[in-house]
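Okay, thanks for coming, everyone.

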Amino acid sequence: MKSPASASWKAPLKFRMPTAENLIPIRLDIEVDGQRYKDAFTWNPYDPDSEVVMFAKRTVKDLKLSPGFLPQIVQSIQSQLATFRSYEGQDMYVGDKIIPIKLDLQVNHIVIRDQFLWDLNNFDSDPEEFARTLCKDLGIEDPEVEPAIAFAIREQLYEIAIQNVTTARENRISKKGRRAAEHFTPSKASGAALDLMKLFSFGSSVVRKRKEWDYYKPVLDLLSNEDVHALEAKEERSGWEGKLVLRESI
């Protein structure tokens, strides 16, 4: 599905991820009898619900988790899928704008920080392809980094898509008797809207502004074993906050 190059905020779209594949981010953080399971992955919301149960059974078996994890994994995934589906069919104003995407990830011994602009109107954009290119350009060989980057991008795009639905709904309520689209006011999250024609060539979905290349260029740090152990200990004390353990969903 590709939106026209001349798409305008005057023409609302139906809710979906602003990417080529309509995959949604799923996070799990479950504790049962002192055992903790953390995971983050993408899921096709149109897969049969039976796939959720199969995934949970396979995960419990492969990771040797206690049987109590099975219903909680299923419930958590189904709950997040239900949230996504609750927005389907609702209007979503995207508009001729771009939004900043920020990365601040620690995966194993690698810390990567980056910031770039993403075209919300390019429904052919591919976070996974962008992550592959970024890892190749930076010489990252750890296979867990690439999916972590793609997940972080999708998670931010998903949140913005939800906010765009909320904004459209609020406009319909506050602009009774007038066409909401003609008076669309960007939400706080989308307030950084910029003129796409000044920044993007046709078909492009990601851009770094030339004058900010030095400031926004990717930053890559390599951690020692001691650094990793210290960070893991800190996470155990403060709770899990953003470290991604990625698994492919089937």
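So, start with Leu28: its bridge partner in strand 3 is Asp39. Before I go on, this is a predicted model, where local features need pLDDT of at least 70, side-chain atom pairs count only at pLDDT 80 or more, and totals for chains, interfaces and linings use all residues. Residues are numbered from 1 along each chain as its sequence is written, and side-chain values use heavy atoms, with hydrogens and water left out.

Back to the strands. Strand 2 and strand 3 pair antiparallel over 9 bridges; strands are DSSP runs of E with at least two residues, helices are runs of H or I with at least four, all numbered from the N terminus, and pairing takes at least two DSSP bridges. The hairpin they make has 2 residues between the strands, and Asp33 there has a positive phi near 50°.

Next, helix 1, residues 50–62. Which of its residues are buried? Val52, Phe55, Ala56, Thr59 and Val60, with buried being under 20% relative accessible area, exposed over 50%, and partly exposed in between (1.4 Å probe, protein chains only). The buried residues pack against strand 3 (35–43) and helix 2 (69–87). Just after the helix, Lys64 has a positive phi of about 55°.

Now the core. The largest nonpolar core has 52 residues, meaning buried Ala, Val, Leu, Ile, Met, Phe, Trp, Tyr and Cys joined through side-chain atoms within 4.5 Å. Helix 4 gives the largest share of this core, 12 residues. Ile149 is among those with the most contacts inside the core. Skipping neighbours within four places in sequence, Ile149 is in contact (heavy atoms within 4.5 Å) with residues including Leu103, Ile112 and Leu134.

Last, salt bridges: there are 8, counting a Lys or Arg side-chain nitrogen within 4 Å of an Asp or Glu carboxyl oxygen. Lys14 and Asp91 meet at 2.9 Å, N to O. Lys14 is in strand 1 and Asp91 in strand 4, so that pair ties together parts 77 residues apart in sequence. Glu146 and Arg132 have their closest N and O atoms 3.9 Å apart. Shared partners join Glu129, Arg132 and Glu146 into one network.
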